[in-house]
Amino acid sequence: MHWLVNTPLVIVLLVNLFMLGVSRMRSLIYSAAAQGVILSALPLLLEKRIGLMIIIVALVTAVIKGFLIPQMLHKALRDAQIKREVEPLIGFLPTMLLGALGTAASITFAAYLPVTQTGTSTLIIPASFSTVLTGFLLLTTRYKAITQVIGYLILENGIYIFGMLLLTAVPFLVELGILLDLFVGIFVVSIILNHINEAFSSLDTRQLTALKE
Amino acid sequence: MLFAVLIFIPVLAAIAAAATTSNALRPWIMVIAGSLHFAVMLAILVFQPAPIWGGWVGLDPPGKLVLLLISTLFLVCSIYTVGYLRYRTERSNRVLIPCLLIFLAGSSLLACSQQLGLMWIAMETTALSTAPMIYFNRTARSIEATWKYLLLSSVGIALALLGSFFLVCAMLEHDPYPSLLFSHLVRHAGAANAVWLKMAFVLLLVGYGTKMGLAPMHTWKPDAYGEAPGVVGALLASGLTSCAFLAILRVDRVCIAGGLQTYTSHLLIGMGLLSMAVAAVFMLGQKDIKRMLAYSSVEQMGILALGAGIGGPALYGALLQMINNGLTKGMLFLSAGNIHRSYGSKNTDDVHGAMRRLPLSGTIFMLGFLAITGSPPFGPFISVFTILNAAFSRHFFVIGALFLLLLLMVFMGMGRTVLVAVLGKPLPRKRSINAYRDGWMTGLPLVVSFLLVLMLGVHIPPFLTHMLQQARKFMEVQP
């Protein structure tokens with residue numbers, strides 16, 4: 001049964017690398033949406049007995065990660081009239097290499113960790129670590145506010161993957177954590193993007209330097 | 001029952017405030033809610049009700065201290081807010097006041113939450129309610145501060161969630177369905193997996209440390225405190241940071257019970273000294289009085305982490321310092337807010353002679369500076385001295401010496417800015433629109449917090465000593 005969980009996780013890992021190398025904002029948003037939809041199916045694949053709560057969480061996650069947030073990002077992109085390119089601090093190829101190294105390191109590191117029952121033969125732990133690292137890379141090496149928000153969303157995806165390990169042990173914590181994090185995501189995206197755009201007529205965080213020390 | 005009342009008073013008041021259409025009436029709702037909250041808090045401390053909701057909501061000894069601090073400070077700040085908003089009638093406070101009340105609800109819930117997940121939710125509530133408050137002034141600078149705050153604190157809170165997951169992972173070793181109550185976690189921490197527990201502590205320290213403002217995750221602080229209204233700065237610097245410190249203490253207790261005392265103590269001491277050093281460096285030549293206060297807050301958080309890391313009597317000192325810092329920061333931010341209002345600037349290029357133009361606010365600002373840097377006869381002197389004493393008696397000689405050196409550096413750095421702002425002759429007024437003069441509503445809260453800080457330096461009331469000792473004993477768990 002492990003291939004059922006591992007196949008989507010391998011796709012997630014590939015999407016991670018793709019996102020680090022992509023230069024068009026639009027493709028970046030689509031890949032983040034695709035990753036979100038793939039992840040939302042994970043609880044259904046992992047759980048042996050599927051309850052109502054799990055179906056609801058999966059559906060809500062899919063709608064928010066795959067549709068609502070990408071839609072809001074597209075809208076922000078249109079309104080801002082900014083260049084549709086990502087503008088990295090470190091080039092695409094070096095970040096992709098860093099991402100690949102991070103993935104390799106995650107797999108090695110996870111092998112050394114004392115494993116839990118579910119974690120033994122699935123890719124959950126390495127995929128989670130690698131996705132968190134990808135999120136951090138996007139957050140720190142890209143200039144635009146939208147790219148930083150996507151970085152944050154990917155970071156959240158990584159935590160979500162880890163949550164899958166604990167779905168049977170502490171379903172309440174995991175489900176609530178997921179829903180609340182999504183809520184924060186929406187909050188950050190919608191309110192702030194609009195206001196930064198109004199105040200600076202740009203979504204480039206390099207404009208935000210008035211408070212530099 | 002009392003716990004439910006404590007948390008729902010501010011929530012209901014927030015709804016009422018959002019529904020009210022009068023800009024002048026809304027701050028008074030905050031005062032009423034603050035007074036009721038204070039009364040209920042006292043009742044809880046006196047009657048000690050049993051935990052409710054399956055033990056999820058109850059009070060542990062450190063939680064009592066934080067609740068006492070938050071409630072007192074909120075009441076003081078709510079009176080100030082009435083006075084402050086009279087000068088800001090041009091701007092609607094329909095978002096600010098409900099957010100302040102939700103912040104109170106969130107931080108009370110955090111003080112009372114005895115469950116790992118609930119504590120995380122409470123922290124998230126306070127983080128979200130804070131963002132619109134920082135954006136109150138709607139300037140380009142304030143949106144920049146809000147953006148940095150929101151991004152950093154969201155990442156911090158996300159890492160805290162991952163840390164909580166790791167903690168659960170550590171507990172899975174012996175129990176496939178672990179309870180997340182702290183009492184349960186502490187009891188079974190001995191059987192937990194040490195590797196996962198160590199990783200959990202690092203992530204939780206970084207995550208909640210971001211909210212607390214420990215270096216190097218402190219970068220949102222100067223921006224947020226600098227751009228937010230003074231009263232918001234006061235509540236952030238004393239309420240939010242104390243809540244985050246409480247969260248770290250609770251997690252630390254679980255790790256100590258898991259036999260990781262040396263490990264967590266080293267991490268806390270390292271982060272503490274780093275925060276103090278960063279604050280000392282950035283305070284030198286700081287011209288913006290509110291940003292200077294933010295760095296002072298980073299330094300104070302460093303002292304708290306250091307005290308918690310050394311442990312024993314130093315932990316007693318750290319908890320007392322948390323109360324002292326909260327009250328002193330209230331006094332400093334509120335008086336800095338008044339100075340800012342009167343001069344239309346918070347930069348020492350423009351602000352001179354505040355003691356002449358605003359005798360009350362200027363004097364309190366000066367006294368607050370003396371208090372926060374640990375001069376006698378104020379409260380922080382006692383707590384800083386306790387920590388220092390404990391550092392030497394527990395043979396942390398190098399750390400004690402570094403602590404003293406950094407305290408001195410902070411005193412000099414902060415002193416230069418404060419003296420320029422407070423002494424000398426005020427420049428002639430540029431514009432006549434700044435008609436601010438010290439009044440009852442904006443002056444009394446300063447005096448009250450000053451008297452409390454002075455009292456804690458001269459005589460600590462027996463009930464507080466008792467609470468502090470209880471909290472210290474509570475943190476000493478056997479692995």
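Hi everyone, let me start with a term: two residues are in contact if their C-beta atoms, placed from the backbone, lie within 7 Å. By that rule, the contact between the chains takes 32 residues from chain A and 32 residues from chain B. On the side of chain B that touches chain A, H6(B) gives the largest share, 18 residues. That side divides into 23 nonpolar, five polar and four charged residues; here Ala, Val, Leu, Ile, Met, Phe, Trp, Tyr, Cys and Pro count as nonpolar, Asp, Glu, Lys and Arg as charged, and the others, Gly among them, as polar.

A quick note on what you are looking at. This is a predicted model, where local features need pLDDT of at least 70 and side-chain atom pairs count only at pLDDT 80 or more, while totals for chains, interfaces and linings use all residues. Residues are numbered from 1 along each chain as its sequence is written, with chains lettered from A and ligands numbered from 1 in the order in which they are written.

Now, chain B itself. How many helices does chain B have? There are 19, and zero strands, counting DSSP runs numbered from the N terminus (helices H or I, at least four residues; strands E, at least two). Its C-alpha trace spans about 70 × 55 × 45 Å along the principal axes.

Finally, contacts within chain B. Among those with a separation of 6 or more, 82% join residues 24 or more positions apart. Take Ile387(B): leaving out residues up to four places away in sequence, its partners include Ile303(B), Leu306(B) and Gln321(B).
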